[in-house]
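Visitor: I would like to learn how to read the features of a model like this one. Where do we begin?

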Amino acid sequence: VKAELGLPATRAVQSRKPYYSHDRAEYEAHGPKFVATARDLGLKAEAVLPLIVGSKVLGVLILIFTESAQPFDEEQDAYLRAVAELCAQ
């Protein structure tokens, strides 16, 4: 399956960095199919974190929030990265 460029999971894998969307409009901007997904899931914000072990990206951890989120601060970012690291192990 070919990865769609620009999608949050693709960005996280390619950059090896978390991707955060803080509101539904930001998530839906990725394309029409995401409008229905956001509505069906009640999505208001999302965090996509790469699962990395050594030099390999094994996949992504996606967290969906049903409440709008303020931009994640450094402490929240560090916590989410730690959770992703544990999941990757």
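Guide: Begin with exposure: buried means under 20% relative accessible area, exposed over 50%, and partly exposed in between, with a 1.4 Å probe and protein chains only. The model is predicted, so local features need pLDDT of at least 70 and side-chain atom pairs count only at pLDDT 80 or more, while totals for chains, interfaces and linings use all residues. Residues are numbered from 1 along each chain as its sequence is written, and side-chain values use heavy atoms, with hydrogens and water left out.

Visitor: On that scale, what share of the 89 residues of the protein chain counts as buried?

Guide: The share of buried residues is 33%. The protein chain exposes about 5,800 Å², and carbon and sulfur atoms supply 56% of that area. Accessible areas come from the Shrake-Rupley method with a 1.4 Å probe, and for residues only the protein chains shown count as cover.

Visitor: How many helices and strands does the protein chain have?

Guide: Helices (H or I, at least four residues) and strands (E, at least two) are DSSP runs, numbered from the N terminus. Here there are four helices and three strands, and along the sequence they follow the pattern α-β-α-α-β-β-α.

Visitor: In what order do the strands form the sheet?

Guide: Strands of a sheet pair through backbone hydrogen bonds, either parallel or antiparallel. The rule used here is that two strands pair if DSSP finds at least two bridges between them. In this model the three strands form an open sheet in the order β1-β2-β3, with antiparallel pairing. The edge strands, β1 (19-21) and β3 (56-65), each pair on one side only. From one strand to the next the twist averages 15°; axes are lines fitted to C-alpha atoms, for helices over the stretch in contact, and angles run from 0 to 180 degrees between N-to-C directions.

Visitor: How many bridges join β2 to β3?

Guide: Nine bridges join strand β2 (residues 45-53) to β3. Along that pairing, A45 stands opposite F65 and A47 has L63 as its bridge partner. The two strands form a hairpin with two residues between them, and G54 in the turn has a positive phi of about 60°.

Visitor: Is S21 buried or exposed?

Guide: S21 counts as buried because its relative accessibility is 0%. Contact means heavy atoms within 4.5 Å. Leaving aside its neighbours within four places in sequence, S21 is in contact with E26, Y27, A45 and E46. Strand β2 is mostly covered too: seven of its nine residues are buried.

Visitor: Which elements pack against the sheet strands?

Guide: Helix α4 lies across β1, β2 and β3, running at about 45° to β2. In helix α1 (residues 8-15) the buried residues are P8, T10 and A12, and the buried residues of α1 pack against β1, β2 and β3. Just after α1, R16 takes a positive phi of about 65°. For the chain as a whole, 48% of contacts between residues at least 6 apart in sequence join residues at least 24 apart.

Visitor: How many salt bridges are there?

Guide: Side chains of opposite charge can pair when their charged atoms come close. A salt bridge is a side-chain nitrogen of Lys or Arg within 4 Å of a carboxyl oxygen of Asp or Glu. By this rule the count is two.

Visitor: Which residues form the nonpolar patch on the surface?

Guide: Patches are made of residues with over 30% relative accessible area and no salt bridge; like charges are joined within 9 Å, and nonpolar side chains (Val, Leu, Ile, Met, Phe, Trp, Tyr) within 5 Å. Here L41, I62 and I64 form a nonpolar patch with about 250 Å² of accessible area together. L41 lies in helix α3 (residues 32-41) and, at 45% relative accessibility, counts as partly exposed.
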